[in-house]
Amino acid sequence: MNGTKTNNRKKIVIVFFSIMAVMLGLAGRLVYLMVFCSEHYSGMARELHERERDIKAARGKILDRNGKELASNRSVCTISVIHSQIKDGEKVIEALSKELDMPPEDVRKRVEKVSAIERVKSNVPKETGDKIRDYKLEGVKVDEDYKRYYLYDSLASKVLGFTGSDNQGIIGLEVIYDEKLKGTNGKILTLADAKGVELKDAGETRRNPVDGNNLRISLDYNIQMYAQQAAEKAMQKKEADSVSVLIMKPSNGEILAMVNLPEFNLNEPYTLPEGVSAKSPEKKQELLNQMWRNGCINDTYEPGSTFKVITASAALEAGVVHLSDNFYCPGYKLVEDRRIRCARTSGHGAQTFAQGLQNSCNPVFIELGMRLGADQFYDYFKQFGLLAKTGIDLPGEARTIMHEKKNIGQVELATVSFGQSFQVTPIQLASTISSLINGGKRVTPHFGMQVEDQEQNVIEKFDFKPKNRIVSKQTSDTMRELLEQVVSVGGGNKAYIEGYRIGGKTATSQTLPRSAHRYISSFMCFAPVEDPKVLCLVIINNPTGVYYGGTIAAPVAKELFLNILPYLGIEKTAAIKDLNKEQEKE
């Protein structure tokens, strides 16, 4: 009996101390949660009752090399509704439908949707946002926002690019330098009760946005305008499919202008050109992608005779040709079983190397290709940087389309030597020729110069210094003088400007298939010859009527240089020396 009582007492003591242990544990846990974790759980509770709205950061501006604004921002508003706070839904629907010019049924869907916050419309003009504020509608929020604005509509549209509704870059420099331009959005935090109704006495917490930095680029607004106007004139006169103009500094690769006609309106980037329509969203997107395409970067073409600058440079560098060498052109060149014609079918007859370049004589350059041989020619192709991308700071750069080394036979070698049977981008051709005439240093074409804050303090400078030497200074000097003769007395004479030492090269090439008889007329030139400050490449795609580069593209370049050279402060010089006359004296 006593034993039973003792056992019961032990059980009671065990249960008592067990309960006490549990109570002490719970008390300790409660103290831990209330004291040591109070901040964490207060934050979680606050988050359950907080509603947040973004405050958009202003995107940084894009400035030309002289500080002129090309891309900026306009104040707009985002209109949103909070379902739980709306007192008079019909009044809200009526007011928003009227002011936002939206169908009532579309507004109703958003107003009646049960969600924490529902966006009705973004990029609303500030004046409209102010009108909606004046209604003082409960449950309607009007937040300040920014919309990207391009001050000159279509100017350099395929270079600058544009942003989407979230202010994120889509194409062009806007996407490449998005991280530098976009800034950091802020927040508006408000407290709401369990039903989602904002607590009026709780106020709101704001985390201010950090605006993006400005981007200064090498493009010159005035030179871009000169180039665009000249391109538009040429396109209209020749009824061409497209016209591209590329202007850069050969010494360091800075691009002063890049025109790709037809351009598009950056402030309405999703509007197709007049007269163009699409029957499906997929077709429209395809047409938009084509409209946004930058031909200087994204497309390749057969360069034709402008490539003879590269063949001549390789031959001089390899020592397989000298200025004193003589050639004979009967109007064609036999290569294996092919008769490859010269542009002048009656032939140029006897001529020097310099005259062969002036006449753009195919047989002369086929001979140079043969002297180099396939292996050596391919090696120079690689040495000059033609097999790699240029590294330009724009998206979607295409690569050179070239035969594999093992597949270059005598016929392929012959056609490559005068610029056919392979394709390059215009930016690759311009960059390579720049490198061959600037003393021999390979340059990286680019737009980005530096990042600045809103007070114009420099935050970061971009480094695009010239790279390795690709030809000797002697070869570079010789090529400049040879190309000067092309303009002064050769096929590029329609670009001659008295008092200026200009070097250049004409080209006329065909697109595939050859039977379509579609031509690309182009002209490359630079000045001054003794120290090139500017290089220009003009490409006219599928002109009507006369299609020779020296006839229709060279005058466009001349018109540009008549404006650009004085603008850049390049002064006229003395008379040009004639290499041929000097050789005759020798």
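Predicted model: local features only at pLDDT ≥ 70, side-chain atom pairs only at ≥ 80, totals over all residues.
**Entry 1**

I began with the strand order. Five strands make up an open sheet, and they run β10-β9-β19-β18-β17 with antiparallel pairing. I then looked for the edges: β10 (255–261) and β17 (503–510) each pair on one side only. From one strand to the next the twist averages 10°.

**Entry 1. β9 and β10**

I followed β9 (residues 242–248) to its neighbour β10; the two are antiparallel and joined by six bridges. I looked up two of the partners in β10. I247 is bridged to A257, and V245 has V259 as its bridge partner. The two strands form a hairpin with six residues between them, and in that hairpin G253 has a positive phi near 85°.

**Entry 2. β9 and β19**

On to the pairing of β9 with β19. I found seven bridges here, again with the strands antiparallel. S242 has N541 in β19 as its bridge partner, and L246 is bridged to L537 of β19.

I also checked how covered these strands are. In β9, six of the seven residues are buried. In β19, seven of the eight residues are buried. I noted both strands as mostly covered.

**Entry 3. β18 and β19**

How many bridges join β18 to β19? I found eight, and the strands run antiparallel. F526 is bridged to L535 in β19. β18 and β19 form a hairpin, with six residues between the strands.

Which strands does helix α20 touch? Helix α20 (residues 554–567) packs on the sheet and touches β9, β18 (519–527) and β19 (534–541). I took its direction against that of β19, and the angle is about 145°.

**Entry 4. R480**

Is R480 buried or exposed? Its relative accessibility is 10%, so R480 counts as buried; the cut-off for buried is under 20%.

I listed the contacts of R480, leaving out residues up to four places away in sequence. R480 touches I437, G439, F526, V529, E530 and P532.

**Entry 5. α12 against α14**

Last, I looked at a helix pair. Two packed helices are described by the angle between their axes and the distance between the axes. For helix α12 (residues 308–318) and helix α14 (residues 362–372), the angle is about 45° and the axes lie 10 Å apart. I therefore put α12 down as oblique to α14. The crossing of α12 past α14 is left-handed.

Which residues of α12 meet α14? On the α12 side I have K308, T311, A312, A314, A315 and A318. On the α14 side they meet N362, F365, L368 and L372. I sorted the contact of α12 with α14 by class and got seven nonpolar, two polar and one charged residues.

Terms used. Residues numbered from 1 in each chain as written. Heavy atoms only, no water. Pairing = 2+ DSSP bridges. Helix = DSSP H or I, 4+ residues; strand = E, 2+ residues; numbered from the N terminus. Axes fitted to C-alpha atoms, helices over the stretch in contact; angles between N-to-C directions. Contact = heavy atoms within 4.5 Å. Parallel < 35°, antiparallel > 145°, perpendicular 65-115°, else oblique. Left-handed = near helix turned anticlockwise from the far one by under 90°. Nonpolar A, V, L, I, M, F, W, Y, C, P; charged D, E, K, R; others polar. Buried < 20%, exposed > 50% of the residue type's maximum accessible area, 1.4 Å probe, protein only.
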